[in-house]
Structures are given as structure tokens and as C-alpha cells.
Amino acid sequence: MEKIASFTIDHIRLQPGVYVSRKDQVGDSVVTTFDLRMTSPNEEPVMNTAEVHTIEHLGATFLRNHKDYGSKTVYFGPMGCRTGFYLLLAGDYTSREILPLVKEMYEFIRDFEGEIPGAAPKDCGNYLDMNLGMAKYLAKRYLEVLDHIDEFPQSRLEYPA
């Protein structure tokens with residue numbers, strides 16, 4: 001069986017950043033899948049499910065309500081390996097083009113106060129598994145990468161060759 005594209009990326013050299021994972025033709029449209037890699041795979045601990053779940057709720061709420069990208073958001077959710085998130089947008093985009101959107105979303109998460117959207121028994125199948133404090137910490141940590149994305153010796157906008 002042939003390896004899927006995401007398993008051909010060198011996860012030993014992969015560092016936190018914003019990467020185009022794939023572009024798919026769906027009818028007359030392109031859907032761009034982004035790899036929002038928050039932690040260094042196989043080098044540092046993965047994120048726990050509670051903070052991943054919180055980032056998912058906050059990020060999806062932010063994106064679906066965004067004035068420019070709300071109608072273009074196809075999906076936002078965690079990677080199974082818990083090292084980042086996938087963002088699928090309708091349209092043909094580059095990592096650089098969506099960097100402002102990703103920064104804005106993680107600033108929203110970092111600064112969020114109050115009740116987590118959808119964190120109620122009638123809204124979510126695991127509403128108790130949330131950790132806002134850690135989600136905010138991880139968002140702040142990821143923003144440090146995003147704010148200095150061009151200063152790294154290895155690109156954080158294109159997968160390592």
C-alpha cells in the first residue's frame with residue numbers, strides 16, 4: 001500500500017510552523033490543507049487532550065465567525081499525533097498568505113477569557129476535558145514562533161526537503 005503524503009514528511013527535521021500540507025481539487029475549487037505544527041515532533045512532549053480540545057473549540061469558533069475566512073473555513077481540528085492542527089480552507093493559498101489569519105486566531109486563543117464555546121453537555125461529547133490555562137500557554141508559545149517565522153535558519157513555511 002502506498003504511503004499517504006503526510007507520512008512522507010521528515011518528522012525528524014520538522015519544526016513548529018505553518019505548512020501547506022496539500023491542495024485538493026474539489027469540483028471547480030481548490031481546498032488547501034495547512035499543517036499548523038505547534039510542537040517539534042518526536043523531540044518534545046505532545047499536547048494533552050484537554051488543551052488540544054480547548055484550542056479546537058476556540059479556534060473553530062474564531063474561524064467560523066471570521067469576517068473574511070468564515071465562509072472559506074472547511075475544517076479546523078487536531079492531528080492525531082497531538083503536535084498540531086489541520087486547517088482546511090476553500091481556495092488556493094500559501095502559508096505566507098494565511099499567516100496573519102493564524103496569528104489572529106492564536107492571539108484570540110491566548111487572550112480568551114470566559115466560558116469556552118461549546119463546552120456544555122448538550123454541545124459536546126466530552127465537555128469536561130478542557131484546559132483553558134494550558135491552551136492559552138500553548139497559543140502564546142506558538143505565537144513566539146509565528147512572530148519570528150522568518151528568523152529561523154530552516155524555513156517554517158515550507159516542509160523540510
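Author: Val30 has its place in strand β2, where strands (E, at least two residues) and helices (H or I, at least four) are DSSP runs numbered from the N terminus. This is a predicted model, in which local features need pLDDT of at least 70 and side-chain atom pairs count only at pLDDT 80 or more, while totals for chains, interfaces and linings use all residues. Residues are numbered from 1 along each chain as its sequence is written, and side-chain values use heavy atoms, with hydrogens and water left out.

Leaving aside neighbours within four places in sequence, Val30 is in contact (heavy atoms within 4.5 Å) with Lys23, Asp24, Gln25, Leu89, Ala90, Gly91 and Asp92. Asp92 is 62 residues away from Val30 along the chain, yet 5.6 Å separates their C-alpha atoms.

The sheet around β2 is open and has 4 strands in the order β1-β2-β4-β3, with antiparallel pairing; two strands pair if DSSP finds at least two bridges between them. Strands of a sheet pair through backbone hydrogen bonds, either parallel or antiparallel. Because β1 (17-26) and β3 (73-78) stand at the edges with a single partner strand each, one side of each has no neighbour in the sheet. From one strand to the next, the twist averages 15°.

β3 is joined to the antiparallel strand β4 (residues 84-90) by 5 bridges, and Phe85 in β4 is the bridge partner of Pro78. Helix α1 (residues 49-64) packs on the sheet and touches β3 and β4, its direction making about 165° with that of β3. Helix α3 (residues 132-147) also packs on the sheet, touching β1 and β2 (29-37), and its direction makes about 85° with that of β1. Axes here are lines fitted to C-alpha atoms, for helices over the stretch in contact, and angles run from 0 to 180 degrees between N-to-C directions.

The axes of the two helices, α1 and α3, come within 8 Å and cross at roughly 75°. α1 and α3 are therefore roughly perpendicular to each other, a term for angles of 65 to 115 degrees, with under 35 counted as roughly parallel, over 145 as roughly antiparallel and the rest as oblique. Their contact is made by Glu51, Thr54, Ile55 and Leu58 of α1 together with Leu132, Met134, Ala135 and Leu138 of α3.

Finally, β3 and β4 form a hairpin with 5 residues between them, and Arg82 in its turn has a positive phi of about 60°.
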